[in-house]
Amino acid sequence: MKKKQKKALHRVTDGVAAPKLTGSSRHSPLKSSKAKSLNNPANACAVMFGLNLLNSSLKRLKLDVSDDKLCAMADPYLPLLTHCVRFSNDNQAVILSLRCLGVLLRADLPSVPESARDLGPSILEHLTASGAGSNTQSDIVQGCFKTLTLLISHQKFSSPAIQNAMVASDDDAKNTISGALPLNGNQMQALLSLLHSAVREYDHHNSTFGLVKAILSKRYVSPELYDLMDIILKLSVQSQKSAIRLQSSQIFLQHLMEYPMGKQRMDSNLHQIVLNIKYEYEEGRLSAIGLLSSVIQKFPLPVLEGHSQFFYLPLVLQLVNEDSKGCKEAVADCISLLLQRLSTESVQALFGYTKRWSQSSGSDSIPMQRASAQLFGIFVDSRPDYIKRGTNASDLISIVLDVMKDSIPFENESGWELLYHNLVCTEKLNKQMPSLIAANYDIWGALVELLAYPHPWIMKVSSRIISGYLSTMEPKKMLRAGSESFLAKNSGYLYKIASNLCRQLDVEDVHFVESTSKLAIKTITWIFRAMKQHQNVCYDDK
């Protein structure tokens, strides 16, 4: 008997004699006696009862994190719950433990750093075993993500003392994250690999993105994180859920603003953001334009100045080619924001491009002229200070007036879009610099003629400009001494305006626009009052 015992002591448990490990835990060390005790059926029932009771109490109690006495009483539960997460084989017990930890980790408990060393890796094991990359809907995966988010973002890990202590406690310096996270480098790589798949899941995405935000807040840097951000950028336009697109845009913007990256990576990211504004579907384009607007708003001014043309030219191209009204307005707002942030020198360079486009000639010049007309209106709205400098305003008025004159007489409606955008620009100029427009009688003469243009949009905008101008005067005082009104300087305009407005009312049903008709009636009423007071200027002397 003694010989057999001695022989067993010297026997090497290797090869055929080695214990066979099977199941999901085959790569983990054998369970300790504590784990076996925890999973004993009788003990497991007691643990479940206690966890249910604790979870219910924490829900009703609403733990006050500022109450030191209450936090001192809650602190001993943290190691116990960590023990349950590590060793329990019952998924329901793990879920309840994670829910209780979700409440306790919101407080500044003293035992958080010590418990985190065991809790973080254990949660990662549960995520791996549960298939978190493709199954984010399960309660245990959701609980793990939420608990890990609270653990990573806990204030204990922002303290230099805690960071130094955690770094010193790890033998492998390469596998530490300078104490800012409860997982070492290899574990963080595994977590990020899971997140690469988890962020693509549409259901229960809040906890997944919450974990990504927590990691970003710690400024964790690794190749896997940059790869994850590339996936996030794609989701910001490709996801079918608006909430995911919004959160993806916010996360990527935070990454772009706060993370170190070389010129090549920065240019690559900006290039992809700009390309996304041409995405196939409208919702994705709107999200991409919103992200680009946020980048323009938050970029440091020197960096933005260096990329001004890089942003401006694709935005102009999209403004011309965009079919969706919502996207077109978003692009215009984005260009306006860019112009507002840029210096006068940069705006001058962009304005120079726009002027050259307006003066282009040839068969393909119309789209460029149409784009420049839209851009002129954006320049007037966003940078009136620049338009008022030097001869910019007079040059702009000359360009607009040439387009108006080329449209009279109305031989066809083929150029109505170019004319429309120039009229909108004129309306904006009249709001910003009314005295300059009021003194240009040629513009007002062209506007009176355009009231009878056969396209309803042209009718409406020209009528709107003239009505706005007339509303600033009283009919009785139209010919007061020294009046510079075009109505006083040129006889017959009152009759022409009334006649052309009557034509607007006498249109076919397919061209009838209620708002245009109401505006025409309002203006005609003003004209009749003026004609009654000043009959000598109603008709042309000729």
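Contact is taken here to mean heavy atoms within 4.5 Å. In this predicted model, such contacts join helix 15 to helix 17, where R285, L292, V295 and I296 of helix 15 meet F311, L315 and Q318 of helix 17. By class, this contact comprises five nonpolar residues, one polar residue and one charged residue.

Two packed helices are described by the angle between their axes together with the distance between those axes. For helix 15 (residues 282–298) and helix 17 (residues 308–321), the axes come within 13 Å and cross at roughly 150°. Because angles over 145 degrees count as roughly antiparallel, helix 15 is roughly antiparallel to helix 17. The crossing of helix 15 and helix 17 is, moreover, left-handed.

Helix 15 is also one of the partners of helix 13, whose buried residues pack against helix 11 (205–217), helix 12 (223–238) and helix 14 (263–276) as well as helix 15. Helix 13 itself (residues 242–258) has 17 residues and reaches 24 Å from its first C-alpha to its last, close to the 24 Å expected at 1.5 Å a residue. The buried residues of helix 13 are I244, R245, Q247, S248, S249, I251, F252, L253, H255 and L256.

A corresponding description can be given for helix 28 (residues 493–505), whose 13 residues should span 18 Å at 1.5 Å a residue, which agrees with the 18 Å between its end C-alpha atoms. Buried in helix 28 are Y493, L494, I497, A498, N500, L501 and Q504, and the buried residues of this helix pack against helix 25 (441–450), helix 26 (456–470), helix 27 (486–489) and helix 29 (514–533).

Key
Residues numbered from 1 in each chain as written. Predicted model: local features only at pLDDT ≥ 70, side-chain atom pairs only at ≥ 80, totals over all residues. Heavy atoms only, no water. Axes fitted to C-alpha atoms, helices over the stretch in contact; angles between N-to-C directions. Helix = DSSP H or I, 4+ residues; strand = E, 2+ residues; numbered from the N terminus. Parallel < 35°, antiparallel > 145°, perpendicular 65-115°, else oblique. Left-handed = near helix turned anticlockwise from the far one by under 90°. Nonpolar A, V, L, I, M, F, W, Y, C, P; charged D, E, K, R; others polar. Expected span 1.5 Å × (residues − 1). Buried < 20%, exposed > 50% of the residue type's maximum accessible area, 1.4 Å probe, protein only.
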